[in-house]
Amino acid sequence: MCYCDGYSGLAIADYFIETAIAEKKSITNMHVLKIIYFAQAFSFSELSRKLIKDDFYAWRFGPVEIHTYEEFKKYGASTITSPSGKTNDELIDIRKHADIVNFLNKLAVLIDANPFHLSNLSHIQGGPWYVTPLYHIIDYSKIKSFYGKKN
């Protein structure tokens with residue numbers, strides 16, 4: 001299968017959840033939602049592609065990818081204890097691409113960040129979340145143009 005249009009947000013979330021579990025670190029639903037948003041944001045400059053095919057919505061505490069939110073909302077604010085188990089084919093494909101693995105591993109440092117700090121960072125004035133009406137889809141072209149520039 002070709003993942004030319006990107007992977008599901010859930011697959012990228014599962015990657016970070018597996019990483020957190022392997023490193024014996026805590027990761028919550030809010031936390032993983034912000035990490036996958038930043039993975040999408042920086043994929044344009046680091047990978048020259050859209051990493052996640054699913055839309056992000058402008059929710060109160062920042063960008064949310066609905067499928068990931070729905071999968072892990074049962075944990076509330078508690079630590080997620082296992083990946084979804086629904087993205088095995090995508091995870092196999094991700095691991096075949098060293099550039100994607102290296103990129104995601106660099107972003108794994110965000111697992112140590114406070115999720116509310118990540119939320120605040122996603123609210124940057126003039127950024128994609130900031131200019132999108134609450135509960136609307138954040139246009140991915142706004143994410144690309146805001147974060148996609150190499151510095």
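Predicted model: local features only at pLDDT ≥ 70, side-chain atom pairs only at ≥ 80, totals over all residues.
Helix H2 comprises the 18 residues 29-46. H2 is mostly covered, with 16 of its 18 residues buried. The helix is followed by Ser48, for which phi is positive, near 55°.

The largest pocket holds about 340 Å³ of space. Two or more residues of its lining come from each of H2, helix H3 (66-72) and helix H6 (115-122). Among these elements, H2 gives the most to the lining, with four residues. In total, 17 residues line the pocket, and those nearest its centre are Asn29, Met30, Leu33, Phe61 and Tyr69. By class, the lining of the largest pocket consists of eleven nonpolar, three polar and three charged residues.

Six salt bridges were found in a search of the whole structure. In one of them, Glu18 pairs with Arg95, and the closest N and O atoms are 2.3 Å apart. This pair links distant parts of the chain, since Glu18 belongs to helix H1 (residues 9-22) and Arg95 to helix H4 (residues 88-95), 77 residues apart. Glu18 has a relative accessibility of 28% and therefore counts as partly exposed. Arg95 is likewise partly exposed, its relative accessible area being 44%.

A further salt bridge joins Lys86 and Glu71, with an N to O distance of 2.7 Å. Lys86 lies in the loop between H3 and H4, whereas Glu71 lies in helix H3, so the pair ties together parts that are 15 residues apart in sequence. The two partners fall into separate accessibility classes: Lys86, at 59% relative accessibility, counts as exposed, and Glu71, at 13%, counts as buried. These assignments follow because buried means under 20% relative accessible area and exposed means over 50%.

Salt bridges that share partners also join Glu23, Lys25 and Asp112 into one network. Lys25 is partly exposed, with a relative accessible area of 29%. Glu23 also counts as partly exposed, at 41% relative accessibility.

Conventions. Residues numbered from 1 in each chain as written. Heavy atoms only, no water. Expected span 1.5 Å × (residues − 1). Buried < 20%, exposed > 50% of the residue type's maximum accessible area, 1.4 Å probe, protein only. 1 Å grid on protein atoms, 1.4 Å probe; cavity = no way out; pocket = protein on both sides within 12 Å on 5 of 7 lines; lining within 4 Å. Points joined across faces, edges and corners; volume = space filled by probe spheres on them. Nonpolar A, V, L, I, M, F, W, Y, C, P; charged D, E, K, R; others polar. Salt bridge = Lys/Arg side-chain N within 4 Å of Asp/Glu carboxyl O.
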